[in-house]
Amino acid sequence: MSSKAINAIYNSVKSRLSITEEQFADAMKGWEFVELTNGDEVVGAVMIKGNELHVGYSKKPTFSIRRHIKQTLKKLLDMYGEAVTTVNSSNEKGINFCKRLGFVVISEYEGQIIMKCDRCNYV
């Protein structure tokens, strides 16, 4: 598990959590972390477990993320036929980001929007 990838995801969500980065890393055992890079710098990560994925950036990307999407989402779609994610219902930017990728809302539960994608707009 890449500590840089965990750090990137943790930094993207830490304002919504009340745990340390070490506790976060322990809770995420069993998840695969894929580094998203710009040159040599890790700027974000994708967490993957089965057909579920979550994307987080430690800072706003100033470059195209299409390469990253092709590397991760396409792989899941090829393996499982669909990918799922959840987004906090108050995270409008996150919801819109997922919709641009091709995710659609399938349900809402306790403040979480559950989304599914069976075809990525970038792949």
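Modeller: Two strands count as paired if DSSP finds at least two bridges between them; helices (H or I, at least four residues) and strands (E, at least two) are DSSP runs, numbered from the N terminus. The model is predicted, so local features need pLDDT of at least 70 and side-chain atom pairs count only at pLDDT 80 or more, while totals for chains, interfaces and linings use all residues. Residues are numbered from 1 along each chain as its sequence is written, and side-chain values use heavy atoms, with hydrogens and water left out.

Colleague: How many bridges join strand β4 to β6?

Modeller: β4 covers residues 83–88 and runs antiparallel to β6. Val87 stands opposite Ile113 in β6. The bridges between β4 and β6 number six.

Colleague: Which residue in the hairpin of β5 and β6 takes a positive phi?

Modeller: β5 (residues 104–109) is joined to β6 by five bridges and runs antiparallel to it. Val104 stands opposite Lys116 in β6. The hairpin has two residues between the strands, and the positive phi, near 50°, belongs to Glu110.

Colleague: Why are the buried residues of α4 on the same side of the helix?

Modeller: Helix α4 (residues 92–101) has Gly94, Ile95, Phe97, Cys98 and Leu101 buried (under 20% relative accessible area; exposed is over 50%, partly exposed in between; 1.4 Å probe, protein chains only).

Colleague: Which elements do the buried residues of α4 pack against?

Modeller: The face turned away from the buried side carries the exposed Glu92 and Lys93. Contact means heavy atoms within 4.5 Å. The buried residues pack against β3 (52–57), α3 (66–80), β4 and β6.
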